[in-house]
Amino acid sequence: MAGKEFTLKGWHVFGIFGGAFAVIIGVNIVLAVSAVSTFPGLEVANSYVASQTFDKRRAVQESLGWTVAARLEDDMLILSITDPEGRPVQASRLHAKVGRPTNVSDDIEPEFTFNGHAYVAYETLRPGNWDVWLTATALDGTPFQQRLEMTVTR
């Protein structure tokens with residue numbers, strides 16, 4: 001007795017296509033929810049309002065002539081700020097947030113101390129790309145802000 005011969009019918013094809021699209025849509029929903037829930041968000045609340053004073057704020061900030069760099073040495077995160085002559089700068093106020101460019105789950109706010117040459121905080125960062133969002137105030141009250149990119153390799 002021969003077995004029943006399989007015949008591909010329309011509802012089989014519909015089931016295959018429906019299943020494939022269900023997997024694709026499900027994966028897209030998971031990825032979209034994951035991306036939106038970890039995205040850092042907006043830089044400013046209203047970009048138009050921020051743009052109205054951008055050139056003035058930039059000119060004031062550039063008049064300081066500061067050069068800022070961030071690097072990680074062993075377990076020390078080092079922010080060096082130098083004036084146009086290359087001398088270290090101590091700001092009256094300094095705040096920095098360190099995080100991944102596309103994810104807020106690793107954001108930290110290190111406590112920096114000025115050691116006479118640079119600002120130092122003891123932090124361990126995993127390998128990869130990191131951003132440092134720095135806000136500082138010069139001794140004359142001039143505000144300064146800059147985003148620094150840093151790559152950690154180990």
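Reply: Side chains of opposite charge can pair when their charged atoms come close. In this predicted model, one such case is found in helix α3 (residues 54–64), where Arg58 and Asp55 lie three residues apart, about one turn of the helix. Their side chains meet in a salt bridge, with 3.3 Å from N to O.

Me: Is Arg58 buried, partly exposed or exposed?

Reply: Arg58 counts as partly exposed, because its relative accessibility is 40% and this class lies between under 20% for buried and over 50% for exposed.

Me: How many salt bridges does a search of the whole structure find?

Reply: The search finds nine salt bridges. Among them is the one between Arg87 and Asp83, whose closest N and O atoms are 2.9 Å apart. Asp83 is buried, at 13% relative accessibility, whereas Arg87 is partly exposed, at 49%.

Me: Which residue forms a salt bridge with Asp106, and how is Asp106 itself classed by accessibility?

Reply: The partner of Asp106 is Arg100, and their closest N and O atoms are 3.6 Å apart. Asp106 counts as partly exposed, with a relative accessibility of 23%. Arg100 counts as buried, with 13%.

Me: Let us turn to aromatic rings. How is a pair of them described?

Reply: A pair of aromatic rings is described by the distance of the centres and the angle of the planes. The structure holds two such pairs. In one of them, Trp66 and Phe144 have their ring centres 4.9 Å apart and 45 degrees between the planes, a tilted arrangement.

Me: Where do Trp66 and Phe144 lie, and what does their pair tie together?

Reply: Trp66 lies in the loop between α3 and β1 (67–73) and Phe144 in strand β8 (residues 143–152), so the pair ties together parts that are 78 residues apart in sequence.

Me: What are the centre distance and plane angle for Phe114 and Tyr119?

Reply: The ring centres of Phe114 and Tyr119 are 5.0 Å apart and the planes stand at 55 degrees, so this pair is also tilted. Phe114 is partly exposed, with a relative accessible area of 26%, while Tyr119 is buried, with 5%.

Me: Which charged residue sits over the ring of Trp133?

Reply: The charged end of Lys97 sits over the ring of Trp133, 5.0 Å from its centre.

Me: Finally, which residues does the UniProt annotation "transmembrane region" cover?

Reply: The annotation, from an unreviewed UniProt entry, covers residues 12–36. In the model this span is 100% helix and 0% strand, and its end C-alpha atoms lie 36 Å apart.

Me: Which residues make the nonpolar surface patch?

Reply: The patch of about 1000 Å² is made by Phe6, Leu8, Val13, Ile16, Phe17, Phe21, Ile24, Ile25, Ile29 and Val33. Ile24 is placed in helix α1 (residues 10–38). Its relative accessible area is 47%, so Ile24 is partly exposed; patch residues need over 30%.

Note on methods. Residues numbered from 1 in each chain as written. Predicted model: local features only at pLDDT ≥ 70, side-chain atom pairs only at ≥ 80, totals over all residues. Heavy atoms only, no water. Patch = residues over 30% accessible without salt bridge, like charges linked within 9 Å, V, L, I, M, F, W, Y side chains within 5 Å. Areas by Shrake-Rupley, 256 points an atom, 1.4 Å probe, with all protein chains shown as cover. Salt bridge = Lys/Arg side-chain N within 4 Å of Asp/Glu carboxyl O. Helix = DSSP H or I, 4+ residues; strand = E, 2+ residues; numbered from the N terminus. Buried < 20%, exposed > 50% of the residue type's maximum accessible area, 1.4 Å probe, protein only. UniProt positions renumbered as here; feature names shortened; annotations may be inferred. Phe/Tyr/Trp six-rings, centres within 6.5 Å; stacked < 30°, edge-to-face > 60°. Lys NZ or Arg CZ within 6 Å of the ring centre and 35° of its normal.
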